[in-house]
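Morning, everyone. Please look at the structure on the screen, and I will talk through some of its parts.

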Amino acid sequence: MHRHSILSFSFLLSTALIGTSAIAADADNGVGTIVVTATRTPMPRERTGESVSVITGSDLQTQQTVALSDALGETPGLTVNRNGPMGQPTSIGIRGGETGQTLVLIDGVRINDPSGTDEGAILGDLLVNNIDRVEILRGPQSTLYGSDAIGGVINVLTRRGGETPVQLRASAEGGSFDTYRLNAAADGTVDNVDYGAAVNYLHTNGVSAADSRHGNPETDGYGNFGATGNARMHVSDQVSIDLRSYYVSARDDFDDGAVSFAPPYPPADSAAYNTNRLLAGYAGVNVDLFDGKFHNRLAAMGSKSGRKFFDSAFDTIHENAANKGDATRFEYQGIVDLSPSDQISFGAETQRLSFTGDFFSSFSAFDSHATGHSRINGYYAQGQTTLFDALTLTGGVRYDDDADFGHHTSLKLAGAWQIMDGTTLHANYGDGFKAPSLYELFSQFSSVRGPLRPEVAKGWEAGADQKFLNNRMRASLTYFERKATNLIDFTSCSTPQECTERPFGFYYNVGRTQSKGVEAEIAGAISDTLNLTANYTNMTSTDLATGLALQRRPHIQANAILTWAPTANWSVGTSVSHVGRRIDQYDNSTVPPTPFPNGGYTLANLFGEIDFERLAFYGRVENLFDTHYEPELGYGAAGRAFYIGVRATY
């Protein structure tokens with residue numbers, strides 16, 4: 001870890017703690033924030049009883065964030081792992097969970113990929129594009145969101161509507177590693193239609209996915225084209241129609257060569273690359289009855305995904321694998337406002353997923369073709385009430401019927417008690433289950449140790465929020481625990497029979513795991529011109545069967561962002577992120593398994609902007625101290641990088 005990075009981080013974190021006596025925060029820092037993800041209805045965050053983080057579009061613009069996963073990595077309780085630089089396979093775990101246990105929504109459109117290994121969203125391809133806000137809901141959320149949400153929910157909301165018929169925004173930037181990015185967006189209101197749409201293109205030659213310090217000079221480039229659309233037509237005061245879409249097409253070069261075939265299997269340069277495509281859409285009708293006290297939503301949504309893998313270092317043919325996924329989903333939701341403080345929500349959902357996977361090899365014995373599908377129906381109800389204008393209670397239940405894995409009942413209980421002005425105590429419990437993915441069930445890596453069982457998660461938390469200085473500053477402290485059973489993991493073959501049936505390895509149920517820890521966060525303005533956000537996560541994740549730490553879950557994470565805006569026309573700032581030591585892999589051929597740790601690292605960025613009303617110029621320096629680190633063992637990351645850009649509005 002670089003000494004200057006440590007000093008910078010220590011300074012920012014100490015400033016956050018000392019500055020609490022003189023901070024005046026704005027609403028973007030979460031004081032008085034209204035969220036919709038926790039209860040599927042607009043509600044003040046302090047009344048939900050949940051841990052909800054909000055990243056605003058203003059936050060993303062100020063920090064000049066390109067990949068949304070970078071901003072998510074600055075959120076308490078979230079762990080981001082990436083196999084090298086931007087565009088490489090990226091996983092996000094909430095409180096020790098897996099990527100496939102996190103539901104990702106864009107304007108209500110589910111972008112979890114049915115053809116993915118664990119049906120998780122392809123987060124490496126999710127770039128910032130016309131985003132209004134992002135809500136991150138931590139902990140099991142199956143009651144309202146189903147089996148994809150036993151880790152949590154990431155809800156991306158794009159801009160829609162406005163006070164004028166059209167508002168245009170466009171930006172262009174470029175910088176290190178032959179990187180350039182173009183973006184254009186439009187939103188507004190025309191007659192009875194609110195709309196928003198945007199397109200985004202990124203290209204970079206990048207750096208080597210396999211760490212160049214280990215003799216891998218070849219760069220691995222990345223290209224991404226994405227588009228979003230979001231429109232609402234108000235047919236009448238009681239009826240509206242929603243149409244939403246999301247599309248991404250990306251190509252990433254990566255390295256699947258091998259320095260050695262012994263743990264930790266360090267990668268080496270190769271000509272391999274992936275192409276990923278996903279098209280998702282949503283159509284819904286909203287009807288309000290009984291003077292607006294009974295809200296109804298009926299929606300259909302679907303997605304098509306396609307992932308291909310080319311030029312593996314271990315084969316001689318061009319196309320090595322092709323996976324396709326389809327999802328179709330129908331939802332009904334009803335919300336009854338019994339009174340200003342009492343509400344009942346209920347709904348029914350049905351979803352069908354299908355998967356086709358082909359693996360091609362010049363060694364014909366390894367060719368494979370797999371297909372599979374699944375169906376699940378879900379029914380839920382939730383009630384919430386506020387007593388004495390201080391205690392908000394929420395309770396919900398869900399019944400899922402999986403065509404292959406039977407039925408499961410999920411529960412959700414939450415409470416928020418405002419014990420005095422500015423002080424809120426909160427607690428909640430949630431559980432849920434997730435069936436094995438179609439890839440885990442039907443691909444060439446399916447289990448040889450008996451049928452896979454669904455993953456089950458249970459989690460609870462308790463904490464306190466405190467506001468300061470006339471409710472313009474917010475601090476929070478939360479303790480959480482999460483237990484999962486039947487967690488699905490991948491292992492290499494270990495017996496002659498297993499190596500004959502699954503020579504490349506297979507999926508299996510691990511057993512029981514536990515994650516527990518503390519999240520602390522503080523946000524506010526040190527003065528009228530100086531704003532700061534800082535958070536700290538201390539988490540221990542353990543395989544309860546072996547007592548070993550779970551892979552790639554750092555024990556300590558911390559972040560700080562400091563922004564100075566002396567006038568409305570220009571601002572500068574810095575961000576510092578620390579990821580602590582974690583176990584990257586184990587050698588399971590030894591008893592006990594030999595761990596391969598990955599040391600912690602600290603990164604610092606600088607950013608600034610000057611605004612001339614309709615034209616703004618901005619720039620940033622990433623990895624300010626040129627820190628050398630491996631995000632995962634054997635994989636490389638970009639060193640110090642410089643970017644400049646221009647943004648126009650009309």
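First, a term: two strands pair if DSSP finds at least two bridges between them. The strands themselves are DSSP runs marked E of at least two residues, numbered from the N terminus. What you see is a predicted model, in which local features need pLDDT of at least 70, side-chain atom pairs count only at pLDDT 80 or more, and totals for chains, interfaces and linings use all residues. Residues are numbered from 1 along each chain as its sequence is written, and side-chain values use heavy atoms, with hydrogens and water left out.

Start with strand 13, residues 222-234, and strand 14, residues 239-253, which are antiparallel partners over 13 bridges. Within that pairing, His234 is opposite Ser240 of strand 14. How many residues lie between the two strands of this hairpin? Four residues separate strand 13 from strand 14.

Strand 14 also pairs with strand 17, again in the antiparallel sense, over 15 bridges. Here Ser249 faces Arg277 of strand 17. Strand 17 covers residues 273-289 and includes Gly284. Is Gly284 buried or exposed? Gly284 is buried, at 7% relative accessible area; buried means under 20%, exposed means over 50%, and partly exposed is in between, with a 1.4 Å probe and protein chains only.

Two arginines come next. A charge sits over a ring if NZ of Lys or CZ of Arg is within 6 Å of the ring centre and within 35 degrees of the ring normal. Arg244 lies over the face of Tyr282, 4.3 Å from the ring centre.

Now the aromatic pairs. Rings of Phe, Tyr and Trp, the last by its six-membered ring, pair if their centres lie within 6.5 Å; planes under 30 degrees apart are stacked, over 60 edge-to-face, and the rest tilted. The structure has 18 such pairs. One of them is Phe294 with Phe346, a tilted pair with 6.4 Å between centres and 35° between planes. Why does this pair tie together separate parts of the sequence? Phe294 is in strand 18 (residues 294-310) and Phe346 is in strand 20 (residues 342-359), so the pair joins parts 52 residues apart in sequence. Phe294 is buried, at 19% relative accessible area, while Phe346 is partly exposed, at 29%.

Phe346 also forms a tilted pair with Tyr332, at 6.2 Å centre to centre and 50° between planes. That pair links strand 19, which holds Tyr332, to strand 20, which holds Phe346, across 14 residues. Tyr332 is partly exposed, with 24% relative accessible area. Elsewhere, ring pairs join Phe355, Tyr439, Phe445, Phe490 and Tyr507 into a cluster.

An open sheet of five strands runs in the order 3-8-9-6-7, and its pairing is mixed. Its edge strands, each pairing on one side only, are strand 3 (52-56) and strand 7 (109-110). Inside that order, strand 6 (residues 102-106) pairs with strand 9 (residues 152-158) in the parallel sense over five bridges. Val104 is opposite Ile154 of strand 9.

That is my part done.
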